[in-house]
Amino acid sequence: MGWLFYTDGRVQTYADEKAEITRLCTFEGDTRKTELVKACKVGSTWYAAARVTNLDSTPVEDATYVTDADGSITFGAVFLTRYDDGCWGYKDMEESAGPNESRAPLGLIKLLSYLKDPDSYAQDWRQRCRDWAAIPDYQEGDKIKLASPVTLTDGSTCQIVTATHYRRGRQKRRCYRIEETGGLVRLSKASLTGSELLSSAKGAASPVLAEFLAGRDA
């Protein structure tokens, strides 16, 4: 399905967007109804969990999803959104279509019904969402080993870096110091997938603090 834009100006705010996502995920047919369970916006993308139930209260039979104990199934959906000349538009995809955007919060993923095919597009999408959520929020001074070397614009590579920052005006911007050269590089969050913390800034900053943390974790 392509993009659909509203030219009547009905969607202008975050609340308007959420109300429209709710409406799009709520409908009733001759035998089934669908209702929104949860919706989250990450960047410009909305992620939704929608529950399907049979009107006669019998269990929902589906080729993709395992029926939940209450007889329903809950699936994930992705709504790409953007504004064009003040008009809000969206492009929607069900999780089994394998959406590229995969930053749904874990709380939403946990609401979804189990999948029958462990190798499905939906299973892959859910795992990519989990991988994104698992990327650590590194602190200043943390030394990190990337899962694989990153190629820089000059053709060189780096794999071990230290989290630091630089200033642009009054703002602090996250960057990383390359272990081999001492140079600074900006890395996307995606490039930190599967990375490993080699040493913590908290432990290195104070032997007393390190001893306290070690005792608490014991």
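This is a predicted model: local features need pLDDT of at least 70, side-chain atom pairs count only at pLDDT 80 or more; totals for chains, interfaces and linings use all residues.

Student: OK, on to helices. Which residues of H1 are buried?
Tutor: Helix H1 covers residues 14-24, and its buried residues are Glu17, Glu20 and Ile21. They line one face of the helix, because they fall within an arc of 100° when you look down the axis of H1.

Student: What covers them?
Tutor: The cover includes strand E3 (32-42), along with E4, E5 and E6.

Student: Now the core. Which residues touch the most other members of the largest nonpolar core?
Tutor: That core has 19 residues, and the ones touching the most other members are Ile21, Cys25, Phe75, Phe79 and Trp88. Strands E4, E5 and E6 (87-94) each supply at least two residues of this core. Ile21 is also one of the buried residues of H1.

Student: What is Trp88 in contact with, leaving aside its neighbours within four places in sequence?
Tutor: Quite a list: Leu4, Phe5, Tyr6, Val11, Glu17, Glu20, Ile21, Thr81, Arg82 and Tyr83. The buried residues of H1, namely Glu17, Glu20 and Ile21, are among those contacts of Trp88.

Student: Which residues does the second core include?
Tutor: The second core is separate and has 15 residues, including Trp132, Cys158, Val185 and Leu192. As a general point, nonpolar side chains tend to be buried together in soluble globular proteins.

Student: How far does H3 reach from its first C-alpha to its last?
Tutor: H3 spans residues 121-133, 13 residues in total, and reaches 19 Å, close to the 18 Å expected at 1.5 Å a residue.

Student: What about Ala134, where is that?
Tutor: Ala134 lies in the loop between H3 and strand E7 (143-151). With 57% relative accessibility, Ala134 counts as exposed.

Student: Changing topic: what does UniProt annotate for residues 116-190?
Tutor: The unreviewed UniProt entry gives "domain: DUF6927" for that span. In the model, residues 116-190 are 17% helix and 41% strand, and their end C-alpha atoms lie 28 Å apart.

Student: Last one, backbone angles. What is phi of Ser57, and what is phi of Asp85?
Tutor: Phi of Ser57 is near 70°, a positive value in a residue other than glycine. For Asp85, phi is near 55°, again positive in a residue other than glycine.

Student: Where are they, and are they buried or exposed?
Tutor: Ser57 is in the loop between E4 and E5, and at 65% relative accessibility Ser57 counts as exposed. Asp85 is in the loop between E5 and E6, and at 77% Asp85 counts as exposed too.

How values were computed:
Residues are numbered from 1 along each chain as its sequence is written. Side-chain values use heavy atoms; hydrogens and water are left out. Helices (H or I, at least four residues) and strands (E, at least two) are DSSP runs, numbered from the N terminus. The expected span of a helix is 1.5 Å times one less than its number of residues. UniProt positions are given in the numbering used here, feature names are shortened, and annotations may be inferred rather than shown by experiment. A nonpolar core is a set of buried Ala, Val, Leu, Ile, Met, Phe, Trp, Tyr and Cys residues joined through side-chain atoms within 4.5 Å. Buried means under 20% relative accessible area, exposed over 50%, partly exposed in between (1.4 Å probe, protein chains only). Contact means heavy atoms within 4.5 Å. The arc is that of the directions from the helix axis to the C-beta atoms.
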